[in-house]
Amino acid sequence: DGKKKFDKESEKYYSILEKHLNLSAKKKESHLQDADTQIDREHQNFYEASLEYVFKIQEVQEKKKFEFVEPLLAFLQGLFTFYHEGYELAQEFAPYKQQLQFNLQNTRNNFESTRQEVERLMQRMKSANQDYRPPSQWTMEGYLYVQEKRPLGFTWVKHYCTYDKGTKTFTMSIAETKSGGKVNGLVTSSPEMFKLKSCIRRKTDSIDKRFCFDIEVFERPGIITLQAFSESNRKLWLEAMDGKEPVRIFFVFSFNIIICFLFFIVFLNEAGFNFVRKCIHAVETRGITILGLYRIGGVNSKVQKLMNTIFSPKSPPDMDIDMELWDNKTITSGLKNYLRCLSEPLMTFKLHKDFIVAVKSDDQNYRVEAVHALVHKLPEKNREMLDILIKHLVKVSLHSQQNLMTVSNLGVIFGPTLMRAQEETVAAMMNIKFQNIVVEILIEHYEKIFHTAPDPNIPLPQPQSRSSSRRTRAICLSTGSRKPKGRYTPCLADPDSDSYSSSPDSTPMGSIESLSSHSSEQNSTTKCTPSQLREKSGGIPWIASPPSSNGQKSSGLWTTSPESSSKEDATKTDVESDCQSVASVTGPDNASSPTDLTKKSSYSLSGLKRQAKAMYSCKAEHSHELSFPQGAIFSNVYPSVEPGWLKATYEGKTGLVPENYVVFL
């Protein structure tokens with residue numbers, strides 16, 4: 001019975017674990033938390049069943065020592081009593097019988113004490129920390145899922161891995177998990193041995209899996225992507241392997257200039273409708289199940305040639321697309337570039353803020369109803385084109401098992417394409433994720449939004465305008481010295497690739513990753529007094545972009561050292577993947593010297609500590625930062641020496657909070 005329970009719990013746990021590890025990182029935080037809670041509960045059940053099974057095995061083994069011999073002794077005693085002829089033999093056997101009785105009594109006593117000790121050990125193990133790692137000859141060991149390439153994509157195979165920090169030796173062996181409990185994590189193959197070169201944590205926005213990290217070894221080219229069972233397990237592996245945090249290259253550029261530099265401005269006309277329909281027909285006919293559809297871009301030169309052929313003034317409006325001449329990646333990239341290069345985005349500049357405010361609502365039903373109503377406020381041609389496109393994306397998402405393009409992934413790709421902001425401000429960059437949510441809602445509720453009339457009683461969102469603009473300064477967590485100015489290198493495009501690169505001579509800047517990682521799901525409106533607006537109007541002293549000769553603002557580029565950049569970004573081939581890495585924007589109008597920053601950061605409140613309220617929720621990424629929910633009240637708030645940050649006290653703990661996340665009371 002104990003083995004059956006153990007086998008049942010094993011199969012159930014590994015099944016749920018597989019589902020948990022395949023859970024998309026794009027899911028909502030609440031959904032991920034529920035999934036984590038469920039896997040913890042199932043892991044606890046599996047853990048207890050395993051311990052009870054081991055305890056039963058030990059109990060059976062110990063009982064064998066007396067439960068077999070004791071009946072035999074009773075049988076012999078009866079035999080000697082029954083057979084009088086065996087009296088002499090019984091007398092001769094008496095000393096051995098007496099010694100055997102003593103041994104049996106000692107064995108029984110030993111069993112009781114051992115049983116109690118094992119039971120206490122089992123209780124201690126149940127109450128101990130699950131992440132506790134007992135002493136071992138290896139620096140780190142355990143199960144990991146390894147990403148392996150297959151002819152039709154990638155698969156994740158479970159391996160038992162060990163790592164020795166002294167020799168930097170990493171070994172992994174395939175561990176098979178079969179149904180029915182016949183083989184549970186049994187290592188059946190000889191281990192592969194590698195010498196570790198480097199280890200880098202994998203960002204969740206670069207892969208549709210959680211708890212991943214990349215390693216490089218001397219014996220195999222390229223990277224090996226591994227997946228741990230949990231975040232704490234990944235941290236243990238990273239600590240053992242001296243893992244590093246990924247460094248992202250940040251681009252600051254004009255979206256329209258970069259996208260349409262190779263092409264030209266197009267319009268929502270008959271030729272455009274015909275082109276979109278022909279592209280969709282080609283994709284649905286021959287390539288709707290292709291892995292990475294719309295995510296993997298085509299070669300720029302081919303895409304440009306396709307666009308020139310279709311939209312040439314000499315071309316007829318109903319020109320067909322030669323499916324033998326153009327491959328699937330070129331057609332999908334052409335479709336995306338047509339939508340990007342429209343003179344106005346498909347969902348219009350006028351309704352851009354309304355869509356953003358709608359999806360920031362906490363009420364899920366209101367989100368759908370508000371987006372439904374706003375879609376029907378679009379111009380007729382825009383709504384017709386959006387209907388054609390979203391209908392196609394619904395079909396693409398239905399084949400997500402083959403092409404891996406889930407609704408969430410399609411939202412990431414088409415959000416910035418369909419809903420670019422009229423001005424590329426910091427707020428616009430921070431709203432990219434809400435653009436993605438709008439597209440997700442359109443795909444998930446296509447029938448309702450496009451084929452039914454909206455509810456006239458639904459109040460439309462009203463974007464709140466601020467009385468005065470607030471300049472945003474970059475949030476930097478680096479502790480090293482900062483250079484007051486940086487030399488900017490224009491963004492360069494390889495004529496045969498969709499990837500964009502920059503000169504490695506750019507000045508390294510501090511990380512601004514934490515700005516984009518804070519949650520701003522909660523929508524709140526803050527009214528600032530004139531004095532508070534003056535306090536928050538400081539510029540960014542260490543980033544400056546000199547104006548060009550014609551008086552226009554020039555584009556700038558933030559970059560890091562090529563040696564320290566994460567290799568996860570090397571596979572991104574579409575411009576929209578670069579756009580989502582933008583964390584802040586600056587120009588010559590808000591540039592100032594380091595001396596000016598010192599003056600502005602004083603807030604004219606030298607020595608005065610105030611109270612402040614959180615406009616958004618925030619999760620700390622470093623020990624010296626504070627985590628807090630929306631609406632949190634801070635005390636003893638005063639400027640920090642770290643630009644863009646304030647020092648504050650919350651729930652008895654003092655630390656740093658982002659300046660643009662709070663408003664003074």
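A disulfide is a pair of cysteine sulfur atoms within 2.5 Å. This is a predicted model, in which local features need pLDDT of at least 70, side-chain atom pairs count only at pLDDT 80 or more, and totals for chains, interfaces and linings use all residues. Residues are numbered from 1 along each chain as its sequence is written, and side-chain values use heavy atoms, with hydrogens and water left out.

Q: How many disulfides does the structure hold?
A: With that cut-off, the structure holds 0 disulfides.

Q: What makes the pair of Phe93 and Tyr96 stacked, tilted or edge-to-face?
A: Rings of Phe, Tyr and Trp (its six-membered ring) pair if their centres lie within 6.5 Å; planes under 30 degrees apart count as stacked, over 60 as edge-to-face and the rest as tilted. The structure holds 18 aromatic pairs. In the pair of Phe93 and Tyr96, the ring centres are 6.3 Å apart and the planes stand at 35 degrees, so this pair is tilted.

Q: Where do Phe93 and Tyr96 lie?
A: Both belong to helix α4 (residues 87–127), 3 residues apart, which means that about one helical turn separates them. Helices (H or I, at least four residues) and strands (E, at least two) are DSSP runs, numbered from the N terminus.

Q: Are Phe93 and Tyr96 buried, partly exposed or exposed?
A: Phe93 has 25% relative accessibility, so Phe93 counts as partly exposed. Tyr96 has a relative accessible area of 60%, so Tyr96 is exposed.

Q: What makes the pair of Tyr294 and Phe414 stacked, tilted or edge-to-face?
A: The centres of Tyr294 and Phe414 are 5.2 Å apart, with 70 degrees between the planes, and the pair is edge-to-face. This pair links distant parts of the chain, 120 residues apart: Tyr294 is in the loop between α7 (270–286) and α8 (300–310), and Phe414 is in helix α14 (residues 407–418). Tyr294 has a relative accessible area of 0%, so Tyr294 is buried. Phe414 also counts as buried, at 0% relative accessibility.

Q: How do you know that the charged end of Lys158 sits over the ring of Tyr143?
A: A charge sits over a ring if NZ of Lys or CZ of Arg is within 6 Å of the ring centre and within 35 degrees of the ring normal. The charged end of Lys158 is 4.4 Å from the centre of the Tyr143 ring, and it sits over that ring.

Q: Which residues does Leu374 touch?
A: Leu374 lies in helix α11 (residues 364–375). Contact means heavy atoms within 4.5 Å. Not counting residues up to four places away in sequence, Leu374 touches Leu351, Asp354, Phe355, Ala358, Leu460 and Pro461. Its relative accessible area is 1%, so Leu374 is buried.

Q: Which strands are called the edge strands of the open sheet of 5 strands, and why?
A: Two strands pair if DSSP finds at least two bridges between them. This sheet has the order β15-β14-β13-β12-β16, with antiparallel pairing. The edge strands are β15 and β16, and each pairs on one side only. Between β14 (residues 645–650) and β15 there are 6 bridges.

Technical notes:
Buried < 20%, exposed > 50% of the residue type's maximum accessible area, 1.4 Å probe, protein only.
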